[in-house]
Each structure stands twice: as C-alpha cells, then as structure tokens.
Amino acid sequence: AEHFERALADSPARERVTWRRDVGDAELARLYAQCDAFLFASLNEGFGLPPLEAMACGAPVVATDVTSLPEVCGDAAWLVEPTDVERIFEGLRRVLTEPEIAADLRKRGHSRAREFTWRRCAKDTVLAWRNALRDAGETPKLRHTL
C-alpha cells in the first residue's frame, strides 16, 4: 500500500482517485454496484471473496489467474497473469471501453455468484467432514442435516 500511495501522490490521476479504507458492508456493496470495473490483482489469495462479492453486486471483474481465483471466478471474470502489467492494463482497458464485454461479464458474474451460497458452503463442509470421518473408519454422529 505504501508503494501505491507514493505512486498515486506522484500521478497526474491523483485528483481522480479516492483512496478508501475501512469501508462498511453496506457502502462496499454500493461501491461494487456503482463501479465500472473491479480489479483484483492478487498474487496470493485464499478463496477470492472480494471478486465474488463484486460479481454479486454487478461489477465486471478483472482478476488474476492464480491460486483460487480461476476456480472461484470461472469464466465470469477477465483473468490475467498477476505480474504482467500490460495484460492487467489490457483487461481493464477492454472492460472499460467495450460495453459488450462489461455487460457480458456482469451477466456471467451474477450467474457465477449465485452458485456460491452459505447454505451450499455448509452442505459441502458437512459432506467433507462425513467423508473424512468415513475414510478414517469412524461413524459420523451428526444429529442435524442441512
């Protein structure tokens, strides 16, 4: 962040950029819904919740093609190599200047985000635990099912 803040301070675009921190959930959803593009240039990501949230709110997403992001985003995001600045720039440029690409990513993003629900997460987690117990030779003792 420090490197970015210094670069922004020296940039001619600094007057058009607002650096936000500690944004609440309601405001974050509004920002996702109003943005022209959501860039997630992560080098190392555990799951990829921010791009998924952005897709759910209707933002066209440009994300990196490493770690969990290809699996989470599927074909609903413009995926780029995280260290290739030219590819990142090209992905953003196309999303911002070609309305048909942005519209397609919005549509795909909504569909993709609907696949990830907390109910499905809970069911998959219970199934994984049951399979792990079964593989360990133990009988699951879960009293409730989803």
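I began with Arg-94, which at 25% relative accessibility counts as partly exposed (with a 1.4 Å probe and protein chains only, buried means under 20% relative accessible area, exposed over 50%, and partly exposed in between). The model I am reading is predicted, so I note that local features need pLDDT of at least 70 and side-chain atom pairs count only at pLDDT 80 or more, while totals for chains, interfaces and linings use all residues. Residues are numbered from 1 along each chain as its sequence is written, and side-chain values use heavy atoms, with hydrogens and water left out.

**Salt bridges**

I looked up the partner of Arg-94 and found Glu-98, whose side chain meets that of Arg-94 in a salt bridge of 2.8 Å, N to O (a side-chain nitrogen of Lys or Arg within 4 Å of a carboxyl oxygen of Asp or Glu). Glu-98 is buried, at a relative accessible area of 18%. A search of the whole structure gives 10 salt bridges.

Another of them joins Asp-75 and Arg-108 at 2.6 Å, N to O. Asp-75 sits in the loop between α4 (69-73) and β3 (77-80) and Arg-108 in helix α6 (residues 99-114), so this pair ties together parts that are 33 residues apart in sequence. For the elements I name, helices (H or I, at least four residues) and strands (E, at least two) are DSSP runs, numbered from the N terminus. Arg-108 is partly exposed, at 33% relative accessibility.

I then turned to Asp-124 and Arg-120, which form a salt bridge of 3.5 Å, N to O. The two residues are four apart in helix α7 (residues 118-135), a separation of about one helical turn. Both are partly exposed, with relative accessible areas of 41% for Asp-124 and 40% for Arg-120. Elsewhere, salt bridges that share partners join Arg-20, Glu-27 and Arg-30 into one network.

**A charge without a partner**

Where does Glu-45 lie? I found Glu-45 in the loop between β1 (38-40) and α3 (49-56). Glu-45 is buried yet has no salt bridge, and the nearest side chain of opposite charge, Arg-112, is 14 Å away (Lys and Arg count as positive, Asp and Glu as negative, and His and the chain ends are not counted). Leaving aside neighbours within four places in sequence, Glu-45 is in contact (heavy atoms within 4.5 Å) with Phe-40, Pro-50, Thr-67, Ser-68 and Leu-69.

**Positive phi**

Most residues other than glycine have a negative phi, so I looked up two residues that depart from this. Thr-67, one of the contacts of Glu-45, has a positive phi of about 50° although it is not a glycine. Thr-67 is in the loop between β2 (61-64) and α4 and is partly exposed, at 44%. Asp-22 likewise has a positive phi of about 50° without being a glycine; Asp-22 lies in the loop between α1 (2-10) and α2 (25-34) and is exposed, with a relative accessible area of 82%.

**Leu-133**

The C-alpha atoms of Leu-133 and Leu-28, 105 residues apart along the chain, are separated by 39 Å.
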